[in-house]
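Subject: Structure for you to look at

Hello,

Please find the structure below, with the sequence. My notes on what turned up in it follow.

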Amino acid sequence: MHSPLSPATLADLRRPRHYPAVSVLMPTHRREPDNAQDAVRLRNLIARAKDAVQSDPEVSRADRIDVVEHLDKALTEVDLVHAEDGLAIFAAPGEHQVWSLDRTVPERVLLAQTFLTRNLIAAQAADQPYWVLAVSADHASLWNGGRERVTAHTAGAFPMTRSLPEPDIEREEQIGDRPSTFNDEETRRYMREVADALGSVLAAEPRPLYVVAEAEALTVLDDMSPAAKEAAHVLQGGLSKGPAEAVRQAVRDAVRERAEQDVADVLGELDAARGRRAFAAGVDEVWQSVVEGRAAVVVIEDNFRTTVRDDADHLVPAASGDPGARDDIVDEIAEQALDTGARVHFVPDGTLADSDHLAAVLRY
């Protein structure tokens with residue numbers, strides 16, 4: 001139900017579909033007693049989606065049957081026992097997808113030409129994704145990292161493995177030592193292949209990188225890969241085959257340190273922007289700046305949510321359910337900012353209390 005949201009996956013999710021592309025969004029809960037009603041609410045939402053499809057005169061009979069079947073299949077794939085904070089179900093003729101999000105979403109059923117992806121985009125940005133490369137002399141694995149989990153990356157060349165040569169027992173008896181595996185030319189060739197495969201992944205999807213390995217492996221890999229040399233190093237062997245939670249724990253402190261530094265850096269950018277009057281704060285100002293393509297950096301508190309409506313001149317506070325109410329305006333801002341090439345950063349709650357929880361550095 002949860003998988004990494006790569007640029008290719010996101011691009012596929014956002015492409016136009018044969019109508020109807022059905023989006024079902026629902027906030028979920030991780031623990032009792034809040035999660036007690038999640039299953040009932042989900043069944044009710046799926047029923048609403050089916051009714052909407054079946055009553056839409058623009059949907060052919062064949063497409064109605066197909067999409068309803070895919071909604072039923074999606075429902076069976078939802079794992080509410082391991083729910084996070086939000087759920088997105090997408091269904092269209094010939095397909096369905098289920099996404100679990102560690103960011104809450106507004107309850108919604110929508111039929112359109114495209115899936116409603118803004119909440120996935122915001123969740124991905126808030127997750128602060130990173131890569132972990134775990135290496136040994138005979139195995140290299142790449143891991144998708146986020147705030148709460150790492151998962152194995154199995155696309156492209158990863159994981160990479162090879163057979164180690166048998167140790168030269170006679171030489172050890174004669175000389176009394178065992179030569180370093182990483183001085184062996186075959187091992188160095190293998191590490192070069194790992195470096196090349198890593199470079200391909202980073203070129204397609206740049207993220208912060210952490211490399212976990214023994215000291216000798218780190219030294220050799222640094223010679224082969226500029227990206228590995230610049231990455232945060234974690235001196236620990238035995239993790240090239242996982243498990244995932246052990247990999248996450250190994251990089252936890254380094255990830256936290258990087259996150260703290262990133263927050264300090266982006267707050268410095270906001271302070272500098274104030275000084276040169278290239279600063280926006282609050283939902284209305286930041287929304288206008290991203291719509292006009294003027295925002296270079298958008299900074300959002302982790303759990304900031306608000307509901308607004310457009311009064312034709314500005315976004316003004318509204319109650320959920322009001323005519324024209326926009327419950328996920330914060331996620332809209334994140335999506336629009338990323339679409340216009342801005343960087344989006346999420347920071348701890350309270351960090352932007354003096355900026356109405358949302359701020360931007362402007363290009364002009």
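The model, which is predicted, holds two aromatic pairs. Phe90 and Phe115 make up a stacked pair, with ring centres 4.8 Å apart and 15° between the planes. Phe90 belongs to strand β2 (residues 86–92), while Phe115 sits in the loop between β4 (108–112) and α4 (118–126), so this pair ties together parts that are 25 residues apart in sequence. Phe90 and Phe115 are both buried.

The other pair consists of Tyr130 and Tyr210. Why is the pair edge-to-face? The ring centres of Tyr130 and Tyr210 lie 5.3 Å apart, and their planes stand at 80°; planes over 60 degrees apart count as edge-to-face, hence the label. Tyr130 is in strand β5 (residues 130–135) and Tyr210 in strand β9 (residues 209–213), so the pair links distant parts of the chain, 80 residues apart. Tyr130 and Tyr210 are buried.

There is also a contact between a charge and a ring to look at. The charged end of Arg207 sits over the ring of Trp131, 3.9 Å from the ring centre.

Next, helix α10. Residues 282–291 form this helix, and seven of its 10 residues are buried, which leaves α10 mostly covered. Which residues of α10 are buried? They are Gly282, Val283, Asp284, Val286, Trp287, Ser289 and Val290. The elements that these buried residues pack against are the strands β11 (279–281), β12 (295–301), β13 (308–310), β14 (315–317) and β16 (358–362), together with helix α11 (329–339). Just after α10, Gly293 has a positive phi of about 75°.

Some totals for the chain:

- The protein chain has 11 helices and 16 strands.
- Its C-alpha atoms fill a box of roughly 85 × 60 × 40 Å along the principal axes.
- The chain has 364 residues, of which 48% count as buried.
- Of the contacts between residues at least 6 apart in sequence, 67% join residues at least 24 apart.
- The accessible surface is about 17,800 Å², and carbon and sulfur atoms account for 49% of that.

Regards

Methods
Residues are numbered from 1 along each chain as its sequence is written. This is a predicted model: local features need pLDDT of at least 70, side-chain atom pairs count only at pLDDT 80 or more; totals for chains, interfaces and linings use all residues. Side-chain values use heavy atoms; hydrogens and water are left out. Helices (H or I, at least four residues) and strands (E, at least two) are DSSP runs, numbered from the N terminus. Buried means under 20% relative accessible area, exposed over 50%, partly exposed in between (1.4 Å probe, protein chains only). Contact means heavy atoms within 4.5 Å. Accessible areas come from the Shrake-Rupley method with a 1.4 Å probe; for residues, only the protein chains shown count as cover. Rings of Phe, Tyr and Trp (its six-membered ring) pair if their centres lie within 6.5 Å; planes under 30 degrees apart count as stacked, over 60 as edge-to-face and the rest as tilted. A charge sits over a ring if NZ of Lys or CZ of Arg is within 6 Å of the ring centre and within 35 degrees of the ring normal.
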